[in-house]
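Thanks for coming. I have one chain to go through this morning, and I will start with a term before turning to the model.

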Amino acid sequence: MEKLRIVFMGTPEFAVGILDTIIKNNYEVVGVITAADKPAGRGQKIKYSAVKEYALENNLNLLQPTNLKDESFLAELKSLNANLQVVVAFRMLPEVVWKMPSLGTFNLHASLLPNYRGAAPINWAIINGETKTGVTTFFIDDKIDTGAMILSKETPISSTESAGELHDRLMAIGSEAVVETLALIAEGNVVTTIQTDSSDIKTAYKLNKDNCKIDFSKSGVEIYNLIRGLSPYPSAWCFFKDGTEEWNVKLYEAKLVEESHNFEVGSIITTKKEIKIAVNNGFLEILSLQFPGKKRMKSFELLNGISFSTNAKAV
């Protein structure tokens, strides 16, 4: 069995769960690479990545290059004498980096490749109404998420699961997959499978304001899936309009009630404790939401301070 000297690369909370599992399984992590610090929030205070926070707490050797092709960074990376690199939710690596270790560089991706290559696989699996997803480990090549696959693990997606809930489950499943992959590499037992391309492969496009906006011409199921697929972050959104008032509203939780009605699509129907939006073939009961300048709240909490006319609409 070959002794592994690992460099880990990652940035968000999802990557932290994987790194923690690697450490707890007594693998040697000789370096951690994460994104450079950047200002965030209203005060533009410098914010550390989740991986940096973990690395500092656990006294791990930390690198934060701004340019992955910089000669000084490459020299520092080479001096770590790693024979394997593990990448989880980081960025595209130049060839000079991913080819450096003798045992290669593998990535954990939160989908069943080749489907949902790209930036937001967890979100798009739910948005598209998939009933299963999983994780895949693969050796990195010169394109995004296209390399030879090592292993994958599958899990069902429930019809009510949010992206946040699935994220946490896949982090645990991904941790198992990474540890199993490390064992295969150390034992020299890796058998890879080449990814095959076809016209029906689904893509995990980067999320932006446009593809997070609710289109009320779509079916109730599609809108419901968009809301849960973007909850809690970055969240689905729409405008609530009532007379001369207009609010940009984020919707976090909803329940789909499929039944026939005579309301115009987008109509907002309220009681003292309930907000419903008419959609094709039913209603979306809004359970939690956020108005501009306010915190996320339950619908009944919002209705304690605001009321809507019978002409109110979501658009």
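When I say buried, I mean under 20% relative accessible area; exposed is over 50%, and partly exposed is in between, with a 1.4 Å probe and protein chains only as cover. Arginine 117 is an example of the buried class, because its relative accessible area is 15%.

Some housekeeping. This is a predicted model, where local features need pLDDT of at least 70 and side-chain atom pairs count only at pLDDT 80 or more, while totals for chains, interfaces and linings use all residues. Residues are numbered from 1 along each chain as its sequence is written, and side-chain values use heavy atoms, with hydrogens and water left out.

Now the chain overall. There are 315 residues, of which 48% count as buried. The C-alpha trace spans about 70 × 45 × 30 Å along its principal axes. For secondary structure I take DSSP runs numbered from the N terminus, with helices being H or I of at least four residues and strands being E of at least two. That gives eight helices and 18 strands.

On contacts, meaning heavy atoms within 4.5 Å: among those with a separation of 6 or more, 64% are between residues 24 or more positions apart.

The accessible surface is about 16100 Å², and carbon and sulfur atoms hold 49% of that. These areas come from the Shrake-Rupley method with a 1.4 Å probe, and for residues only the protein chains shown count as cover.

Next, charges. Lys and Arg count as positive, Asp and Glu as negative, and His and the chain ends are not counted. Each charge is placed at NZ of Lys, CZ of Arg, CG of Asp or CD of Glu. The chain has 34 positive and 37 negative side chains, with the centres of the two sets 5 Å apart.

How many salt bridges are there? By the rule of a Lys or Arg side-chain nitrogen within 4 Å of a carboxyl oxygen of Asp or Glu, the count is 16.

I will take three of them, beginning with the arginine I mentioned. Arginine 117 pairs with aspartate 197 at 2.8 Å, N to O. Arginine 117 sits in strand S8, residues 117-118, and aspartate 197 in the loop between helix H6 (163-187) and strand S11 (203-204), so the bridge ties together parts 80 residues apart in sequence. Is the aspartate end buried or exposed? Aspartate 197 is exposed, because its relative accessible area is 61%.

The second bridge joins glutamate 130 and lysine 202, at 2.7 Å from N to O. This pair also links distant parts of the chain: glutamate 130 is in the loop between helix H5 (121-127) and strand S9 (132-139), lysine 202 is in the loop between H6 and S11, and they are 72 residues apart. Lysine 202 has a relative accessible area of 35%, so it is classed as partly exposed.

Lysine 255 is partly exposed at 44%, and glutamate 285 is buried at 16%.

Two asparagines have positive phi. Asparagine 26 has phi near 65 degrees and lies in the loop between helix H1 (13-24) and strand S2 (28-33). Its relative accessible area is 70%, so asparagine 26 is exposed. For asparagine 281, phi is about 70 degrees; this residue is in the loop between strand S15 (275-279) and S16, and counts as exposed at 58%.

Last, the surface. Ile46, Tyr48 and Leu56 make a nonpolar patch of about 290 Å². Patches use residues with over 30% relative accessible area and no salt bridge, joining like charges within 9 Å and nonpolar side chains (Val, Leu, Ile, Met, Phe, Trp, Tyr) within 5 Å. Tyrosine 48 is in the loop between strand S4 (45-47) and helix H2 (50-57), and is partly exposed at 36%.
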